[in-house]
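Visitor: I have a structure open and would like to learn how to read it. Could you walk me through it, one feature at a time?

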Amino acid sequence: MTYLMDINELKRLCQEQIDLSKEIGDPVISLKQPGKWGKTNYRKLFGVKGEVVSDNFGGGIVVLYPAKELLNAMERISNIS
């Protein structure tokens with residue numbers, strides 16, 4: 001089963017990761033995305049570079065994104081719209 005997340009859910013998850021990791025360093029969020037691990041070890045989402053950490057995970061790849069950067073990028077996009 002595929003679960004699609006809207007931008008508000010993604011913002012909430014990023015903020016939760018930021019809140020949870022205040023004492024341990026840079027928060028990251030992992031997302032399963034469609035595709036295959038190709039020649040590069042990264043993908044971009046809202047202009048933010050994330051690191052591919054796994055492929056063939058139920059037909060997609062798992063990418064780690066820095067939560068603060070991703071949240072800031074989504075806020076910028078929301079302000080433009």
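Visitor: Which residues is Leu-10 in contact with, leaving aside its neighbours within four places in sequence?

Guide: Contact here means heavy atoms within 4.5 Å. With neighbours within four places in sequence left aside, Leu-10 is in contact with Met-5, Ile-29, Leu-31, Leu-45, Phe-46, Leu-70 and Met-74. Before we go on, a word on the source: this is a predicted model, where local features need pLDDT of at least 70, side-chain atom pairs count only at pLDDT 80 or more, and totals for chains, interfaces and linings use all residues. Residues are numbered from 1 along each chain as its sequence is written, and side-chain values use heavy atoms, with hydrogens and water left out.

Visitor: Which residues of the largest nonpolar core touch the most other members?

Guide: A nonpolar core is a set of buried Ala, Val, Leu, Ile, Met, Phe, Trp, Tyr and Cys residues joined through side-chain atoms within 4.5 Å. Buried means under 20% relative accessible area, exposed over 50%, and partly exposed in between, with a 1.4 Å probe and protein chains only. The largest core has 16 residues, and Leu-10, Cys-14, Ile-29, Tyr-65 and Leu-70 touch the most other members. Two or more residues each come from α1, β1, β3, β4 and α2, and α2 gives the most, with five. Those labels are DSSP runs numbered from the N terminus: helices are H or I with at least four residues, strands are E with at least two.

Visitor: How do I read a helix, say α1?

Guide: Start with the length: the expected span is 1.5 Å times one less than the number of residues. For α1, 14 residues reach 20 Å from first C-alpha to last, close to the 20 Å expected. Then look for sides. An α-helix has 3.6 residues a turn, so residues three or four places apart point the same way. In α1 the buried residues are Leu-10, Lys-11, Cys-14 and Ile-18. They cover an arc (taken from the directions from the helix axis to the C-beta atoms) of only 100 degrees, which puts them on the same side of α1. That side packs against β1, β2 and α2, while the face turned away from it carries exposed Asn-8 and Leu-20.

Visitor: What about backbone angles: what is phi of Phe-46?

Guide: Most residues other than glycine have a negative phi. Phe-46 has a positive value, near 55 degrees. You'll find Phe-46 in the loop between β2 and β3, and its 32% relative accessibility is why Phe-46 counts as partly exposed. Phe-46 is also one of the contacts of Leu-10, where we began.
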